[in-house]
There are 2 protein chains.
Amino acid sequence: MNYPNKKKPIKNVNNYANLGMTLESDIDLTNQYYLSHQIAVIHKKPTPIQVVNVSYPARNKAKIVEAYYRTPSTTDFNGLYKGRYIDFDAKETNSKTSFPLSNVHEHQVNHLSDVDAHGGIAFLIIGWSQYNEYYILFFKDLISFWQASKQGGRKSIPYTFFKENCHQIPFSYEPRLDYLSIINKLI
Amino acid sequence: MNYPNKKKPIKNVNNYANLGMTLESDIDLTNQYYLSHQIAVIHKKPTPIQVVNVSYPARNKAKIVEAYYRTPSTTDFNGLYKGRYIDFDAKETNSKTSFPLSNVHEHQVNHLSDVDAHGGIAFLIIGWSQYNEYYILFFKDLISFWQASKQGGRKSIPYTFFKENCHQIPFSYEPRLDYLSIINKLI
């Protein structure tokens, strides 16, 4: 058989519907790697759902027929690394210039603030989909931009701040997004 | 007005439908107390639900019309206390003599084992509804009974073991179930 020598160029598809989902699943894969290699125990919390009505079409099989998404009171990810409590959320932006603070909810900032106050490691993972770059934004940086924005300052964090002040997370096949390699340097 | 002198005896209602729910809501109240008094940051994880079908009867209002409960891969509660990672589940038994290990799922034991191995504080809160007593069963005790049961030993933990070896959690109005008072003695 004759195989063509020329590889077909892979189409660069920007699937906006999956924005955010990709980052989340990359983090899930990373956490599975951490767990199976006994590096850390970090899980995504389930999405909170308010169940209103359940039917039982068959024995022992509950079917939820009316339910609604609830606003989470905390962040999506937490767990344990080298005896330390880790807590974070993941955000993705399509902007090339700045990360809008409107992507972060007040209750998430409050929760990360509680975690920070009690000796946990609190941060956001920010994905820049236009650059395929991922950074850790520690709580102390987040809160200073957040408080400035509440006092009439800018409502976003410039990309240059990330480039100059934040740690970039290495992206590879396995582990996908090795964010603990950054945390490891700091503890 | 004449108030009767004799107090009516409060009926001792055993509402079996709420078994487990009561313990869970007592722990939720306790966690709210811990958070509002800046003692600890401990939350219940949402129940994991597999969403199959969502309809949009109105703008911005997603209504889940088909979904199913999934088996949790971890425990119900985790968080942070004095810089330490805390992880536990709550179980209630109606037995007067022993706590059946069938109340605990294998994945929960595995998760608590991971937590223990990585330096977290792992335990169960066991409620004895016939006695209105609550005990902390630390992972090391759970795992020794669990492993014995896998090797043909007894499938339950006797009440006397709790009385003689475990810390009883004080029950009061506020905080409802002060389990951290026990943890505090040990860290």
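Predicted model: local features only at pLDDT ≥ 70, side-chain atom pairs only at ≥ 80, totals over all residues.
Reader: Which way do strand 3 of chain A and strand 3 of chain B pair, and over how many bridges?
Author: Strand 3 of chain A (residues 61–69) pairs with strand 3 of chain B in the antiparallel sense, over two bridges. Strands pair here if DSSP finds at least two bridges between them. Helices (H or I, at least four residues) and strands (E, at least two) are DSSP runs, numbered from the N terminus.

Reader: What's the strand order in the open sheet of four strands?
Author: The order is 2(A)-3(A)-3(B)-2(B), with antiparallel pairing. From one strand to the next, the twist averages 25°. Angles run from 0 to 180 degrees between N-to-C directions, and axes are lines fitted to C-alpha atoms, for helices over the stretch in contact.

Reader: How many bridges between strand 2 and strand 3 of chain B?
Author: Seven, in the antiparallel sense, between strand 2 (residues 49–58) and strand 3 (residues 61–69) of chain B. B:Gln50 has B:Tyr68 as its bridge partner. B:Val54 has B:Ile64. B:Ile49 stands opposite B:Tyr69.

Reader: And the turn? What's in the hairpin of strand 2 and strand 3 of chain B?
Author: Two residues lie between the strands of that hairpin. B:Asn60 in the turn has a positive phi of about 60°.

Reader: New topic. What order does the six-strand open sheet of chain B have?
Author: It runs 1-4-5-7-8-10, with mixed pairing. Strand 1 (41–44) and strand 10 (167–168) of chain B are at the edges with a single partner strand each, so one side of each has no neighbour in the sheet.

Reader: How many bridges join strand 4 to strand 5 of chain B?
Author: Five join strand 4 (residues 77–81) to strand 5 (residues 84–93) of chain B, and the two run antiparallel. B:Leu80 stands opposite B:Tyr85 there.

Reader: Where does helix 3 of chain B pack on the sheet?
Author: Helix 3 of chain B touches strand 7 (121–128) and strand 8 (133–138) of chain B. Its direction makes about 80° with that of strand 8. Contact means heavy atoms within 4.5 Å.

Reader: At what angle do helix 2 and helix 3 of chain B cross?
Author: Roughly 135°, and the axes of helix 2 (residues 106–117) and helix 3 (residues 139–150) of chain B come within 11 Å. The two helices are therefore oblique to each other. Under 35 degrees counts as roughly parallel, over 145 as roughly antiparallel, 65 to 115 as roughly perpendicular and the rest as oblique.

Reader: Left-handed or right-handed?
Author: Helix 2 of chain B passes helix 3 of chain B in a left-handed crossing. Left-handed means that the near helix is turned anticlockwise from the far one by less than a right angle; clockwise is right-handed.

Reader: Which residues of helix 2 and helix 3 of chain B meet?
Author: Helix 2 of chain B brings B:Glu106, B:Val109, B:Leu112, B:Ser113 and B:Asp116. Helix 3 of chain B brings B:Phe139, B:Leu142, B:Ile143, B:Trp146 and B:Lys150. The residues of this contact divide into six nonpolar, one polar and three charged. Ala, Val, Leu, Ile, Met, Phe, Trp, Tyr, Cys and Pro count as nonpolar, Asp, Glu, Lys and Arg as charged, and the others, Gly among them, as polar.

Terms used. Residues numbered from 1 in each chain as written. Chains lettered and ligands numbered in written order. Heavy atoms only, no water.
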